[in-house]
Amino acid sequence: MAKTAPLPTTIVNVGYRSTNYWVVSAGASRLLVDLGWPGTMGVMRANLHRMGVPLSEIRYGLATHYHIDHAGLAQECKQAGVPLLVLAPQVDAIPLMKTWVKPADGYVEIGLHDNTIISLAQSRAFLERLGIAGEILATPGHSDDSVSLLLDDGSAFTGDLTHRALVTDGDAVVTAASWKLLADRGAKCIYPGHGPIHLIGEQTDLRLARQTQE
Ligand SMILES: [Zn+2]
């Protein structure tokens, strides 16, 4: 009997305000990578709808790191039925989110006791249960809690990991090690938190890559 072929993985961008939010789907099993600005659930819902992604099919939300443009909407997503997937190296960064915001931002503080917390080592098996072949790697440099989702097809979701051509002295060594890890594990096509999709190591239009990284 023929083996059931795995569902192809598809990627769409539901981003706004200079920030990319990626939906990685294996059929109707979906993962939202980066979670929107605070108070923008209406925009997120509209963009998901426009791109044909039912909110109810998003199994988890994953923030590449806990900065306001990547995780500011996390609690509102949870309230809308999307559980938050947190990697162990990110746990301590979550309470710091409230220190980055102003009252006018409308940030809803992320609850600490109802998240799905896994280790990096558990990520492959966890993703497999969603039908997604890949792993989550620690890729510090922009921030200590930064992680990247790397699919087995070479697609890498790197958040704000600084483009190699833009690295400044302070985080250069750590950032270079993160890029090396990604390359060694097979990363080919980079889906960044800001700016265009590009091949790893490619000199993209740096004006775009330089777009606000928070
Ligand atoms: Zn950031």
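Visitor: Which residue of β4 is the bridge partner of Val33?
Guide: Leu62 is the partner of Val33 in β4. The model is predicted: local features need pLDDT of at least 70, side-chain atom pairs count only at pLDDT 80 or more, and totals for chains, interfaces and linings use all residues. Residue numbers start from 1 along each chain as its sequence is written.

Visitor: What makes β3 and β4 strands that pair?
Guide: A strand is a DSSP run of E of at least two residues, a helix a run of H or I of at least four, and both are numbered from the N terminus. Two strands pair if DSSP finds at least two bridges between them. β3 and β4 (residues 58-62) have four bridges and run parallel. Therefore they pair, by the cut-off of at least two bridges.

Visitor: Why is the unit of β3, α1 and β4 called right-handed?
Guide: The view is set with the strands pointing away from the viewer; the crossover is right-handed if the path from the first strand over the helix to the second runs clockwise. β3, helix α1 (residues 41-50) and β4 form a β-α-β unit of that hand.

Visitor: How do you know that β2 pairs with β1 and β3?
Guide: Five bridges join β1 to β2 (residues 22-26), antiparallel. Thr9 has Ala26 of β2 as its bridge partner. Another five bridges join β2 to β3, also antiparallel. There, Val23 stands opposite Leu32. The β2-β3 hairpin has two residues between its strands, and Gly27 has a positive phi near 60 degrees.

Visitor: What makes β1 and β6 edge strands?
Guide: The open sheet runs β1-β2-β3-β4-β5-β6, with mixed pairing. β1 (9-13) and β6 (116-118) each pair on one side only. The twist averages 25 degrees from one strand to the next; axes are lines fitted to C-alpha atoms (for helices over the stretch in contact), with angles from 0 to 180 degrees between N-to-C directions.

Visitor: Why is Asp34 called buried?
Guide: Buried means 20 or more other C-beta atoms within 10 Å of the residue's own, exposed means 12 or fewer, and partly exposed lies in between, with C-beta atoms placed from the backbone. Asp34 has 28 such neighbours, so it counts as buried. Asp34 lies in the loop between β3 and α1. Its phi is positive, about 80 degrees, although Asp34 is not a glycine.

Visitor: What makes a set of residues a nonpolar core, and which members touch the most others?
Guide: A nonpolar core joins buried Ala, Val, Leu, Ile, Met, Phe, Trp, Tyr and Cys residues through C-beta atoms within 7 Å. The largest has 44 residues, and Leu32, Val33, Leu35 and Ala74 touch the most other members. Contact means C-beta atoms, placed from the backbone, within 7 Å. Beyond four places in sequence, Leu32 is in contact with Tyr21, Val23, Ile58, Gly61 and Val82.

Visitor: Which strands form the five-stranded sheet?
Guide: This open sheet has the order β7-β8-β9-β10-β11, with mixed pairing. β9 (residues 155-159) and β10 (residues 189-192) run parallel, joined by four bridges. Ser155 stands opposite Cys189 there.

Note on methods. Contact = placed C-beta atoms within 7 Å.
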